[in-house]
Amino acid sequence: MSKRFYITTAIYYVNGSPHLGHAYEKIVTDVIARSRRSLGQEVFFLTGLDEHGQKVQQAAQAEGKSPQAYCDELAAQWQAFAARLGITNDDFVRTTQPRHKAVVQAMLNKLHARGELYKAPYRGWYSWKEETFLTEKDRLPDGSFDPVWGEVKELIEENWYFRMAKYQPWLIEFIEANPTFVQPDSRRNEVLGFLKSQTLEDLCISRPAARLNWGIPIPFDPDYVNYVWFDALSNYYSIPVALGDIEAAAPLKGFYESEISNPKSPIRLWPADIHVIGKDIVRFHAVYWPIMLKAADIPLPKQVLVHGWWQKDGDKMSKTTGNVVDPLAVIDEWGLDAFRFYVLRELDIGPDGNWTDAGFRARYQAELANGLGNLVNRSLSMLKRYRQGIVPGRSDELSPDATKVVTDTRTLLEKNELQRALLSIWSLVTRANQYVDQTAPFKLAKDPAQAKRLDEVLYNLAETCRVLAVLLWPFLPDTAAKIYTQLGLTGTPDKFSAAAWGGVSAGHIIGEPAPLFPRKDV
Ligand code: MSP
């Protein structure tokens, strides 16, 4: 059994509300997953929710609900959100699921047995009102804490620690020897810069159950629950183990009891190929996570792929100021593919992005309505009008252009260069629109002596539309499917190999053309 290409998103705080940033991360990951499937790889795509912790416990209490009931309601909303984005995840992890907890406890037991965990006093600034420890980041410029925290006092309590600090030299060496472990390079340099200039401390991984019970119990010390980051990061590994990946589970031998040695449907997932995350959580993924795995003798993931953050109109998005983009409202008004297109075309994986409504409309109008939409609509309408929708004999005039774009796009998809892949695809859209203007089929149609030339032009246009549908599928799945339907083709354009020139044959009858991206007057 071969290992699948295994890709993940971060898992989202269940009590946060889904916004543009979350949608972006899921869509980026979805496009990579769909691209790999289209290129013939078997893929497993995991996304999900981070459900434990003080804030969830408090929010549930405030609403008079049990934390589990509170999480269940929110989880349903998050799952609906993913569905609205057209996300093709294969599973949905929730950190409150027993399948996840069992693996986290096995990892903790193993680390404990290896002497990687110890108990020591934890010292910090504690807000009694909000029942949480504050950090230096929570201090106001004058050094005090905001009155919203109420009384803040230094508190010392015993907790469990993970011996992370001693792995610092190993991690530096590992990241230097594996230049693609953190990507893009700017993020990798940032991690190395941090590791070389600061001393890592051991990681506190527990909270007393008396104070916080909404967490995974520390299996060897029932007075404590596991504190969130250890729990959250482990999701990437717990699900492969729980699903029956025997090789993934092997390092937990003696610590993980289940039917795993004889799973009903074996699967090979671990190590993950790509963890897609945002820039704010790089340190957890590129420092804590590899060290946790190394200490437990579990193979490391191959790559942490870091995207930037979205702003709106040049400012941080914030619910309190109302400066937000609601992905679902945009999708309702403009369609899912228009939304997917804008975020992928506007922002490369890495830098920060800025959403403006004007920028969104401009791309919709120029690239979707006038670019792709117009090309497909006029190509198929002319074929319908001048040839009753019957595809003429094969002609290869645009074949070199299309073939070059197919080759370039494949290379870019293999490198996860999604924005450049779209630019490559759009170079074919532009080329084909120029071809219409240059060959002027509407003029050819008036001259019976030009019938053969008109046949050639119409074939090239229909076939280019078909190739485009295949190339677009990972990005704009609904649009790709519509182009196929309008071409009268059955099936889904989800195999990259179908992008080879010459797929539509003479005599084939196309379907009904209809605008893909209706022009909107604003
Ligand atoms: N629960 C943790 C992650 C645990 S992963 C083991 C968390 N959750 S989050 O809901 O706050 O963020 C989830 C993802 O959304 C992160 O990768 C984060 O970077 C991303 N984004 C949150 N706001 C964003 C933008 N404004 N723009 C782009 N991505 C953003 O952190």
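**Chat notes on a predicted model**

Q: Leaving aside its neighbours within four places in sequence, which residues is Ile267 in contact with?
A: Ile267 is in contact with Met1, Arg4, Phe44, Leu243, Gly244, Asp245 and Ile246. Bear in mind that this is a predicted model.

Q: Where is the place of Ile267?
A: Ile267 sits in the loop between helix H9 (246-249) and strand S11 (274-278).

Q: And is Ile267 buried or exposed?
A: Buried, because its relative accessibility is 10% and the cut-off for buried is under 20%.

Q: How are Ile267 and Leu423 separated?
A: They are 156 residues apart along the chain, and their C-alpha atoms are separated by 36 Å.

Q: Back to that loop between H9 and S11: what about Pro271?
A: Pro271 is found in that loop too. The peptide bond from Trp270 to Pro271 is cis, with omega near 0°.

Q: What about the bond from Gln183 to Pro184?
A: That peptide bond is cis, with omega near -5°. Pro184 lies in the loop between strand S7 (182-183) and helix H6 (185-197).

Q: Ligand next. Which residues come nearest?
A: Ile11, Glu25, Asp50, Gly278 and Asp280, out of 23 residues around the ligand.

Q: What does Asp50 do there, in distance terms?
A: A polar side-chain atom of Asp50 is 2.7 Å from a nitrogen atom of the ligand. Backbone atoms take part as well: a polar one of Ile11 is 2.8 Å from a ligand nitrogen, and an N or O of Tyr13 lies 3.2 Å from a ligand oxygen.

Q: How much of the ligand's accessible area does the protein cover?
A: 95% of the 660 Å² that the ligand has on its own.

Q: Which elements give two or more residues to the shell?
A: Strand S1 (5-13), helix H1 (20-38), helix H7 (228-233) and S11. The largest share, 4 residues, comes from S1.

Q: How is the protein divided into domains?
A: Into domain 1 (5-307) and domain 2 (355-499). Their C-alpha centres lie 43 Å apart, and the contact between them takes 12 residues from domain 1 and 13 residues from domain 2.

Q: In the largest nonpolar core, which residues touch the most other members?
A: Phe339, Val343, Trp355, Leu372, Trp426 and Phe475, in a core of 102 residues. Helix H17 (residues 451-472) gives the most to this core, 13 residues. Domain 1 and domain 2 each supply at least three residues to this core.

Q: What is Phe339 in contact with?
A: Beyond neighbours within four places in sequence, its contacts include Leu20, Ala23, Ile27, Leu85 and Trp355. Apart from that core lies another, of 67 residues, among them Val191, Leu200, Ala248 and Ile291.

Q: Changing topic: is Arg94 buried or exposed?
A: Arg94 is buried, with a relative accessible area of 13%. Arg94 lies in strand S3 (residues 91-94).

Q: What polar contact does its side chain make?
A: The Arg94 side chain makes one with the side chain of Asp72, at 2.7 Å. Not counting residues up to four places away in sequence, Arg94 also touches others, including Leu49, Glu51 and His100.

Q: Last one: what is phi of Asp313, and of Ala440?
A: Phi is near 50° for Asp313 and near 45° for Ala440, positive values in residues other than glycine. Asp313 counts as partly exposed at 46% relative accessibility, whereas Ala440 is buried at 8%. Ala440 is found in the loop between helix H15 (418-439) and helix H16 (441-444).

Technical notes: Residues numbered from 1 in each chain as written. Predicted model: local features only at pLDDT ≥ 70, side-chain atom pairs only at ≥ 80, totals over all residues. Heavy atoms only, no water. Buried < 20%, exposed > 50% of the residue type's maximum accessible area, 1.4 Å probe, protein only. Contact = heavy atoms within 4.5 Å. Core = buried A, V, L, I, M, F, W, Y, C linked by side-chain atoms within 4.5 Å. Domains from an automatic or database assignment. Near = heavy atom within 4 Å. Polar contact = N/O pair within 3.5 Å; in protein donor to acceptor, adjacent residues only side chain to side chain. Areas by Shrake-Rupley, 256 points an atom, 1.4 Å probe, with all protein chains shown as cover.
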